[in-house]
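User: I would like to learn how to read the features of a structure, one at a time. Please give the general idea and then the case at hand.

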Amino acid sequence: MAPEQLKHNPIDKRTDIYGLGATLYWCFTKKSPTDAVLLRKVPAFERDVNARVQAADNLIPIRDFHDSVDPDLEFVIMKCLQYNPKDRYPNAGQLRDDLQRVVEGRSPTGRKWTVRGWLRRAKRRYPKTVTLVSLTILLLSIVGFAKWWNTVSYTHLTLPTNREV
């Protein structure tokens, strides 16, 4: 149940987005978002509905349960579960668009760009190209190291010349 429902605040489309996010969260973790919050920070004496709602920012990330989950998919699900309805997707269409972006190997809207994320998505979208480029870089690194080593080893083998003044 969305936090705004528990507080008897007005509901809208974003309440359903929370419900879908909670369902997806449960599919990956086998825990409801409110139960997962309890595992992290809420003391035993505060385990009522309001404490669960207020602690929603302390939700345990899905990847803490299963590290094989795509970080972009986790981002989309966690965005659905934001405590403040304004921080969630405004409608199912935008949620669908971001899920489609994840399926296509692109980053969802609003996600920070990182080199690691870009490389992971590139590997998923273009596996042969990324493998070829990686092997080429590895080969060039080995050749460069071998040339450097050869140069260093020969400079130590040359004997100094005695010059007469």
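User: Among contacts in the protein chain between residues at least 6 apart in sequence, what percentage join residues at least 24 apart?

Analyst: A contact means heavy atoms within 4.5 Å. Among contacts between residues at least 6 apart in the protein chain, 51% join residues at least 24 apart. Before going on: this is a predicted model, in which local features need pLDDT of at least 70 and side-chain atom pairs count only at pLDDT 80 or more, while totals for chains, interfaces and linings use all residues. Residues are numbered from 1 along each chain as its sequence is written, and side-chain values use heavy atoms, with hydrogens and water left out.

User: How many helices and strands does the protein chain have?

Analyst: Helices (H or I, at least four residues) and strands (E, at least two) are DSSP runs, numbered from the N terminus. The protein chain has eight helices and zero strands.

User: What share of the residues is buried?

Analyst: Buried means under 20% relative accessible area, exposed over 50%, and partly exposed in between, with a 1.4 Å probe and protein chains only. Of the 165 residues in the protein chain, 27% are buried. As for area, by the Shrake-Rupley method with a 1.4 Å probe (for residues, only the protein chains shown count as cover), the protein chain exposes about 11,900 Å², 59% of it supplied by carbon and sulfur atoms.

User: Why is helix α5 described as largely enclosed by the rest of the structure?

Analyst: Helix α5 covers residues 71-80, and seven of its 10 residues are buried, so the rest of the structure largely encloses it. Those buried residues are Pro71, Asp72, Glu74, Val76, Ile77, Met78 and Cys80. Their cover includes α2 (13-29), α6 (92-103) and α7 (115-125).

User: Which residue caps the N-terminal end of α5?

Analyst: Asp70 does, with a side-chain oxygen 3.2 Å from the backbone nitrogen of Asp72.

User: How should I read salt bridges, and how many are there?

Analyst: Side chains of opposite charge can pair when their charged atoms come close. The rule asks for a side-chain nitrogen of Lys or Arg within 4 Å of a carboxyl oxygen of Asp or Glu, and the count comes to five. One of them joins the side chains of Asp72 and Arg111, at 2.8 Å from N to O. Asp72 lies in helix α5 and Arg111 in the loop between α6 and α7, so this pair ties together parts 39 residues apart in sequence. Asp72 is buried, at 0% relative accessible area, whereas Arg111 is partly exposed at 29%. Another salt bridge pairs Arg96 with Asp97 at 3.1 Å; Arg96 is exposed at 56% and Asp97 partly exposed at 38%.

User: Which residues make up the largest nonpolar core?

Analyst: A nonpolar core is a set of buried Ala, Val, Leu, Ile, Met, Phe, Trp, Tyr and Cys residues joined through side-chain atoms within 4.5 Å. The largest one has 11 residues: Ala2, Tyr18, Ala22, Tyr25, Leu59, Ile60, Ile62, Val69, Ile77, Met78 and Leu81. The elements giving two or more residues to this core are α2 and α5, and α2 gives the most, with three. A second, separate core of six residues includes Ile17, Val76, Cys80 and Leu95.

User: How many disulfides does the structure hold?

Analyst: A disulfide is a pair of cysteine sulfur atoms within 2.5 Å, and the structure holds zero. Cys80 is buried, at 0% relative accessible area, while Cys27 is partly exposed at 44%.

Notes
Polar contact = N/O pair within 3.5 Å; in protein donor to acceptor, adjacent residues only side chain to side chain.
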